[in-house]
Amino acid sequence: MNKHLLTTLVAVGSAAFGSYHYGIYKERQKHSDILPLKQAELLHKHSQKPGFPLFASVSAAVPATTPTAQDVNLTATPSRVSEIMKFGFPSLDSVRSYSDFVLSYDRRNRVPYWVFEHLTAESIAKNEAVDRSKCEFRPDDSIHPYFQSQNSDYRRSGFDRGHMAAAGNHKRHQKHCDDTFYLTNMAPQVGQGFNRDSWERLEYYTRTLTKTYPNVYVCTGPLYLPRQEDDGKKYVKYQVIGNNNVAVPTHFYKIIVGETSDNRLEMEAYVMPNQVISDDTPLTVFQVPPESVERAAGLLFFDRINKKQLTKINGKKV
């Protein structure tokens, strides 16, 4: 090939390639600061399509299907998502909106990264028509089958299917309670002495805060923390269960923000080990600086909070 022609083709190709990626860069910049309501609209639009996870590539292994009425009912309205996520999304990886909570799903570990809830006195009030015994643990079919956890993974594992969004937080409608039983909302938890005891105490305490604050925002999720071993080195080690290798977190976090009637904000942050904890251990023992949870999780929580509104952290004035 003529050397001059080859040089010209390379130059043109490079320019086209550069223009293409510059266009992608500018497009990403344009959408990099989407407000929560806009995020909610995108989430509502895309999360109704099984096989089309939000902000992820489509797998050829699962053909696109037309959403059914059941799929549509799975998601919250954009306005409800906007309420729940008022203070920002910690991440946008495999986000799913349900009827009364929002989560980001960790496809590798088959547990959530985070689960967000917005609680009020009205939303947690007991409704006699809501029957928890009718709820069934089940996989969310909007998650690709490769990345789902199954009930069989937990069977005889020695771990409970631990709710991140607690069923007791969602008693206004039967569907709200039903949705908390999707396995995308679960992580393996030690049962007696933790999930059924100390962790449940923390969940109950969170609900009592609705007596103090008109709005309570809660973010819950797993952690995998390092531990120094006999050789002096630190390791991150955790068990996996079942054929799908569902990760067993070493710890769990819960970050709570209470919003007062005059728009002041008070934050509490907890990290609890996934192990038997004595019933007489005060919950305050597990309070930690919120930034320590962010560093451990690799996420920024409540990052849209106006710092001038934040008046207390773990009960102390800031």
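A polar contact is a pair of N or O atoms within 3.5 Å; within protein, one must be able to donate a hydrogen and the other to accept it, and residues adjacent in sequence count only if both atoms are side-chain atoms. The model is predicted: local features need pLDDT of at least 70, side-chain atom pairs count only at pLDDT 80 or more, and totals for chains, interfaces and linings use all residues. Residues are numbered from 1 along each chain as its sequence is written, and side-chain values use heavy atoms, with hydrogens and water left out.

**View 1. E266 and its polar partner Y213.** The side chains of E266 and Y213 form a polar contact at 2.4 Å. E266 sits in strand 12, residues 265-273. Strands (E, at least two residues) and helices (H or I, at least four) are DSSP runs, numbered from the N terminus. E266 counts as buried because its relative accessibility is 14%. Buried means under 20% relative accessible area, exposed over 50%, and partly exposed in between (1.4 Å probe, protein chains only). Setting aside residues up to four places away in sequence, E266 touches Y213, I256, V257, G258, L310, T311 and K312. Contact here means heavy atoms within 4.5 Å.

**View 2. The largest nonpolar core.** A nonpolar core is a set of buried Ala, Val, Leu, Ile, Met, Phe, Trp, Tyr and Cys residues joined through side-chain atoms within 4.5 Å. The largest one has 37 residues. F194, V216 and M272 have the most contacts inside it. Elements that each supply at least two residues of this core include strand 3 (111-119), helix 9 (198-208), strand 6 (215-223) and strand 12. Another core, of 27 residues, lies apart from it; A76, V95, L265 and V288 are among its members.

**View 3. Cysteines without a disulfide.** A disulfide is a pair of cysteine sulfur atoms within 2.5 Å. By this rule the count is zero. For C177, the nearest cysteine sulfur is that of C135, 3.6 Å away. C177 is buried, with a relative accessible area of 3%. C219 is buried too, at 0%.

**View 4. H163, an annotated position.** An unreviewed UniProt entry places the feature "active site" at H163. UniProt positions follow the numbering used here, feature names are shortened, and annotations may be inferred rather than shown by experiment. H163 lies in strand 4, residues 159-163. Its relative accessible area is 7%, so H163 is buried. A polar atom of the H163 side chain lies 3.4 Å from the backbone oxygen of T180. Beyond neighbours within four places in sequence, H163 contacts residues including R132, F137, W199 and E203.
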